[in-house]
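This briefing is for a reader who has not seen this protein before.

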Amino acid sequence: MKPSAIQLELLTEESSKPVNVSSVPQRSPFRYPGGKTWLIPTARKWLAYQKPKILIEPFAGGGSISLLAASEGFADSIVMAELDPEVAAVWHTILSSDSEWLATSILDFELTSQNLVDELSVTPRSTKRRALQTILRNRTSHGGIMAPGSGVMKNGENGKGITSRWYPQTLSARIRAISEFAHKITFVECDGIELISKYDSSNSCVFIDPPYTAGGTKAGKRLYKFSQLDHDELFKISSNLLGDPLLTYNDASELHDLALKNNFVCKKVSMQNTHLNEKFELLIARDFPWIP
């Protein structure tokens, strides 16, 4: 039976203030375009309602929701996946015995333009060295963008240039904090769609935040190295999961159509970035009993 229009509700929390990303815990070492730090208060409600044994995050990126679940005890175990080999190198390193090496190397690195160029010109011969280079590239690039063609900051904030987002003490502390609960996290370097069905169970829930603009537009290619994704297939798989899925996307008309086609409900939520600019994104789920 074709779903009715009622099944595709567009619910806007007009009475609630948008979440400012500076007001919630920052656990990830990454700066990420489309990062989900702002979603943490809402994700807490979702996880508290679901009470999953396993949280699956097939498009980890900065891993904010996985880190939330692991650090605050919302799931017994977490499975993260990432296809980008540079981002994967960071997670492989942080979740291994090399995490302290990475934390110390960040503290010891003297960030100057020449030192940055010298380090990034070296071909890494180990995963941990690649992880260090990835963190350096991520923290010194415009908006944290690491896709081909992205460049390093010139002026930065308050004229600080490449050091604007380089906080070695903070980054090292985050890495060391993650290592304390790393035993809860399984990381897999693979395509996210392949991971979802493999770990799906009635005791799991799945947080799906594909790092792509719907349709693989120019914006998606500019922001992410891996910008192509079969969104139709992703929605189809998500609709048949045993565990409860929560998807987050940019607010685009084709996503409303995909949600309707696959018996999902959309909720429009607002957020503020660090510059206090308000924007809207979509949460997509089977229903939202965990949000009044």
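The side chain of Ser28 reaches the backbone oxygen of Gly62 at 2.7 Å; a polar contact here is a pair of N or O atoms within 3.5 Å, where within protein one must be able to donate a hydrogen and the other to accept it, and residues adjacent in sequence count only if both atoms are side-chain atoms. This is a predicted model, in which local features need pLDDT of at least 70 and side-chain atom pairs count only at pLDDT 80 or more, while totals for chains, interfaces and linings use all residues. Residues are numbered from 1 along each chain as its sequence is written, and side-chain values use heavy atoms, with hydrogens and water left out.

**Around Ser28**

- Ser28 is found in the loop between β2 and α1; helices (H or I, at least four residues) and strands (E, at least two) are DSSP runs, numbered from the N terminus.
- With 8% relative accessibility, Ser28 counts as buried, a word that means under 20% relative accessible area, against over 50% for exposed and in between for partly exposed (1.4 Å probe, protein chains only).
- Not counting residues up to four places away in sequence, Ser28 touches Gly62, Ser64, Leu67 and Arg174, where contact means heavy atoms within 4.5 Å.

**The protein overall**

- The secondary structure comes to 11 helices and nine strands.
- Of the 292 residues, 51% count as buried.
- Among contacts between residues at least 6 apart in sequence, 70% join residues at least 24 apart.

**Strand β4 and its partners**

- Strand β4 is mostly covered, with four of its five residues buried.
- On one pairing, β4 runs parallel to strand β3 (residues 54-57), and four bridges join them; two strands pair if DSSP finds at least two bridges between them.
- In that pairing, Met80 of β4 stands opposite Glu57.
- Strand β4 also runs parallel to strand β5 (residues 185-188), again with four bridges, and Phe187 in β5 is the bridge partner of Met80.
- Together, β3, helix α2 (residues 64-71) and β4 make a right-handed β-α-β unit; right-handed means that, with the strands pointing away from the viewer, the path from the first strand over the helix to the second runs clockwise.
- Val79 is found in β4, which spans residues 77-81, and is buried, with a relative accessible area of 5%.
- Leaving aside neighbours within four places in sequence, the contacts of Val79 include Ile54 and Ile56, as well as Thr186, Val188 and Tyr199.
- Val79 and Lys184 are 105 residues apart in sequence, yet 8.6 Å apart in space, C-alpha to C-alpha.

**Helix α4**

- In α4 (residues 99-108), the residues Ser99, Leu102, Ala103, Ser105 and Ile106 are buried.
- These residues cover an arc of only 165 degrees around the axis, which puts them on the same side of α4; the arc is that of the directions from the helix axis to the C-beta atoms.
- An α-helix has 3.6 residues a turn, so residues three or four places apart point the same way.
- The buried residues of α4 pack against α3 (85-94), α6 (127-140) and α7 (168-180).

**Aromatic pairs**

- A search of the whole structure finds six aromatic pairs; rings of Phe, Tyr and Trp (its six-membered ring) pair if their centres lie within 6.5 Å, and planes under 30 degrees apart count as stacked, over 60 as edge-to-face and the rest as tilted.
- Phe30 and Trp91 form a tilted pair, 6.0 Å centre to centre with 50 degrees between the planes.
- This pair links distant parts of the chain, since Phe30 lies in the loop between β2 (19-20) and α1 (40-50) and Trp91 in helix α3, 61 residues apart.
- Phe30 and Trp91 are both buried.
- The rings of Phe288 and Trp290 have centres 5.4 Å apart and planes at 55 degrees, so this pair is tilted.
- Phe288 is buried at a relative accessible area of 9%, and Trp290 counts as buried at 7%.
- Phe235, Tyr249 and Phe264 are linked into a cluster by ring pairs.

**Two further loops**

- Asp84 is found in the loop between β4 and α3 and counts as buried at 7% relative accessibility.
- A polar atom of the Asp84 side chain lies 2.9 Å from the backbone nitrogen of Glu86.
- Ser201 lies in the loop between α8 (192-199) and β6 (204-208).
- The C-alpha atoms of Ser201 and Leu242 are separated by 5.3 Å, although these residues are 41 residues apart along the chain.
- Leaving aside neighbours within four places in sequence, Ser201 is in contact with Leu242 and Gly243.
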